[in-house]
Amino acid sequence: MTTLRHMRAEISRPGPDRLTTGRERLQAAIDEEATAADTELRRPIITGGFMTDTKDSSRNPVRRRPLLSVAVASAAAVAVIATAVVADNIGDRQDSSADVARPKPSYAEKVLRSAADEARKGSEPDIPRDDQFIYTKSVTEETERKTGKGKTYTDESWTSVDGSKHSWIVFLGKGNWTNPGENRTQPPQYDWSELKKLPTDPVKLILRLCSPVDPPLKPKSLKGVSKEEWRDLHYQLKGMVARAPVMPNELRATAFEALAMVPGIKAKPVKDGEGRPAIGIWSKNALFEESLLVLDEDTHKVLGSTSIRTPGDKTYDQFSHLEDYAIVDKLKQRP
């Protein structure tokens, strides 16, 4: 019964009218079994070929079975009828509203699933060759909170498709070389060679991206994902949909669906870099609530992302978006 109560936690209790039929059937079954048991207990007992009076049933295991049968039958009837009532109640509610047996999805989940649907509709990106580079041009607008002074960074980067060549990565105006094969085990991965290996099932994607220090401790189900791992997953999935321009559509859609499964995922109205209304997706478990994935209010396409930077005693609010990308043949070649 405890299990049944947990199963129907989100469903309103059936009213007295709904339960009347079940109670009547249960009582009828009990009465019928009790009558049969009483008849059995009062039946004359044949012992050694002679008919004797009714004896105490406690001396004979055979005569105790009807009582046990009543208890078992009653318990079974309660379980069956309770299950039937729950199932019937769920069925009625499903007729009037889809998917009400589970908790209703939050606004953030609905937005992210809509974004997944949109991702599947787009045209597939060109598949790059292993010897090519993915060129990206991103713009970051940064504002210092105390002074209100702003600065804009335009960063151009070239990432080796298969990681076999040097890459040139620029962030906030500072460039760094990435050696072949360097840090390729550290998520998030944005190059094609790694992205194409990821599963296109949201649960499997979440479990694949979990990266504890000790690999044998990698969770085997969502229940095993720790709070810290969910925090990292939120960061990774946000980065995948916001900063990985060349990605199979199905994987991008899966990343949105996986993001919708992050505990505490929320949505709130925000403005994009140009002051237009948008939707900000964030997680209560995130390191900073200001770290948002910014989606278009109508199409739910990615407009960019927000974050904060805290060097020393200063705090900078940032809005970043991808301005251009392309597949090129040579390092530092522009489209």
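Accessible area here comes from the Shrake-Rupley method with a 1.4 Å probe. On that basis, this predicted model exposes about 20300 Å², with carbon and sulfur atoms supplying 52% of it.

Start with the whole chain in cartoon view. Of the 335 residues, 36% count as buried.

Next, go inside. Select L112, L205, L237, M240, F256, I281 and L293: within the largest nonpolar core, which has 35 residues, these touch the most other members. To see who builds this core, colour α4 (107–121), α6 (202–209), α7 (227–243), α8 (249–260), β8 and β9 (292–296), each of which supplies at least two residues. Helix α8 gives the largest share, seven residues.

Zoom in on L237. Leaving aside residues up to four places away in sequence, L237 touches L205, L209, A255, A258, L259 and V262.

Then hop over to a second, separate core. This one has seven residues, and F133, W168, V170 and A326 are among them.

Last stop: the β7–β8 hairpin. Select residues 265–271 for β7 and 277–283 for β8; the two strands pair in the antiparallel sense over seven bridges. Pick P269 and look across to β8, where I279 stands opposite. Finally, follow the chain through the five residues between the strands and stop at G275, which takes a positive phi near 80°. While you're here, click I281 again, one of the residues that touch the most other members of the largest nonpolar core.

How values were computed. Residues are numbered from 1 along each chain as its sequence is written. This is a predicted model: local features need pLDDT of at least 70, side-chain atom pairs count only at pLDDT 80 or more; totals for chains, interfaces and linings use all residues. Side-chain values use heavy atoms; hydrogens and water are left out. Two strands pair if DSSP finds at least two bridges between them. Helices (H or I, at least four residues) and strands (E, at least two) are DSSP runs, numbered from the N terminus. A nonpolar core is a set of buried Ala, Val, Leu, Ile, Met, Phe, Trp, Tyr and Cys residues joined through side-chain atoms within 4.5 Å. Buried means under 20% relative accessible area, exposed over 50%, partly exposed in between (1.4 Å probe, protein chains only). Contact means heavy atoms within 4.5 Å.
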